[in-house]
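This report describes one protein chain with a ligand. Please look at the sequence and the structure before reading on.

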Amino acid sequence: MPLLEVQELRVEFPTRRGVLTALDGVSFAIEAGEVLGVVGESGAGKSLTGAAVIGLLEPPGRVAGGQILLDGRRIDGLPYEQMRRIRGREIGAIFQDPLTTLNPLYTVGQQLAETMLTHLPVNPAEARRRAIRWLEDVGIPGAAQRIDAYPHEFSGGMRQRVVIALALCAEPRLVIADEPTTALDVSIQAQIITLLKGLCREHGTAIMLITHDMGVIAETADRVAVMYAGRIAEIGPVRDVIKHARHPYTVGLMGSIPSLSARVERLAQIDGAMPRLAAIPPGCAFHPRCGHAFARCKSERPELMDAGGSSRAACWLHAADSASAMVAGAPREARPGDARPGDARPGAARQGVADDAR
Ligand SMILES: Nc1ncnc2c1ncn2[C@@H]1O[C@H](COP(=O)(O)OP(=O)(O)OP(=O)(O)O)[C@@H](O)[C@H]1O
Ligand SMILES: [Mg+2]
């Protein structure tokens, strides 16, 4: 049984002009100790997916369908108090801006100790001892003294280290990290990701790592889910997806990462923008931007299907019965620089040189 299982998740926002569907049939699983990367352009639904899992959707957003299971137990729709206990104890969270997580009125030591006292069978002295050890583990110099400092007395990078300690100190089995380094200086982003991954591996903690950066995914994740317009476009082992992207959208996302060996040559970019929620096209939501779209893509919505290798893609190019339709539907002229799904892109994913795929 997977640690986390999300089945056909649907998230809606009721508005005066009708209900907007922000997530529509999102399904994936995370095994114990596994790192699942979640990638996609701005507005794809990455943060909403994380927020739904941890029970922090902002009203009026609501889970309107599907299920979220932790160890096979449903956690969507739990009463606030029960969900609060699961948050922290079983699922930790790390967000982009450490200041949203840390309370400015308490020292970092008080916040770490409080979290452990809430969730673990420890006394205050033991909680403080462990708090110092956590600060050491996340690389805060002079941890024994810094434990009594307030969040504003730390630099941005050090604050994010404190947040990592806070997310992990109650020994959760899953951490949701939503763009954990985006607000930080580029030079320390890799350090923080490496630290997070190292600590989680040591403690057997699974990570749902949300990021725009395919380079980070390539370095960190075991599997990757590529999201587009509130759905998963492709999911599979990270090596498969990077070497043989099966969905044209994934190919485009890879294309927005310049490789080290080809710094001068701009690789394929995806033209156009993610559709607004109120204007998601019928069929495959990506079809207006897709160089391979044919008739079926405009009318029928593809579900995730086997796409060769171990990955699955929601793309009609991979349907066994699509070959004839493709001829009949006369695919749009491929643009120069278009990559074909399945093309190997050696060197496409390299940490440190990755562009923001926004
Ligand atoms: N409170 C809200 N009311 C209405 N729509 C919302 C709300 N919050 C998010 N959305 C919409 O839901 C969609 C998905 O948002 P989400 O924040 O999950 O995107 P994301 O993939 O995390 O993007 P980013 O990379 O910019 O963080 C977007 O179209 C967004 O506009
Ligand atoms: Mg987001």
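Arg10 has Gly65 in β4 as its bridge partner. The two strands involved, β1 (residues 4-15) and β4 (residues 62-70), pair in the antiparallel sense over seven bridges. Two strands count as paired if DSSP finds at least two bridges between them. Helices (H or I, at least four residues) and strands (E, at least two) are DSSP runs, numbered from the N terminus.

The model is predicted: local features need pLDDT of at least 70, side-chain atom pairs count only at pLDDT 80 or more, and totals for chains, interfaces and linings use all residues. Residues are numbered from 1 along each chain as its sequence is written, while chains are lettered from A and ligands numbered from 1 in the order in which they are written.

**The four-stranded sheet**

β1 and β4 belong to an open sheet of four strands with the order β2-β1-β4-β5 and antiparallel pairing. Its edges are β2 and β5 (73-74); each has a single partner strand, so one side of each lacks a neighbour in the sheet. Helix α1 packs on this sheet and touches β1, β2 and β4. The direction of α1 makes about 110 degrees with that of β1. Such angles run from 0 to 180 degrees between N-to-C directions, with axes fitted as lines to C-alpha atoms, for helices over the stretch in contact. Contact between two residues requires their C-beta atoms, placed from the backbone, to lie within 7 Å.

β4 and β5 run antiparallel and are joined by two bridges. They form a hairpin with two residues between them, and Asp71 in the turn has a positive phi of about 55 degrees. Leu69 in β4 stands opposite Glu5, and the bridge partner of Leu69 in β5 is Arg74.

**The eight-stranded sheet**

A second open sheet has eight strands in the order β6-β7-β8-β3-β9-β10-β12-β11, with mixed pairing. β6 and β11 (305-306) stand at its edges, so each has one side without a neighbour in the sheet. Helix α7 packs on the sheet, touching β6 and β7 (174-178), and its direction makes about 170 degrees with that of β6. Bridge partners in the two sheets include these:

| Residue | Bridge partner | Strand of the partner |
|---|---|---|
| Arg10 | Gly65 | β4 |
| Leu69 | Arg74 | β5 |
| Ile235 | Arg312 | β12 |

**Burial and the core**

Of the 358 residues in the protein chain, 44% are buried. A residue is buried if 20 or more other C-beta atoms lie within 10 Å of its own, exposed if 12 or fewer, and partly exposed in between. Asp97, with 17 C-beta neighbours inside 10 Å, therefore counts as partly exposed. Asp97 is placed in the loop between β6 (91-94) and α3 (98-101).

The largest nonpolar core has 99 residues, and Ala165, Val226 and Ile232 have the most contacts inside it. Such a core is a set of buried Ala, Val, Leu, Ile, Met, Phe, Trp, Tyr and Cys residues joined through C-beta atoms within 7 Å. Helix α7 (residues 156-168) supplies the largest share of this core, eight residues.

**The ligand**

Ligand 1 is surrounded by 15 residues, the closest being Ala22, Ser42, Lys46, Ser47 and Leu48. A residue belongs to this shell if its C-beta atom, placed from the backbone, lies within 6 Å of the ligand. β2 (18-30) and α1 (46-53) are the elements that give two or more residues, and α1 gives the most, with three residues.
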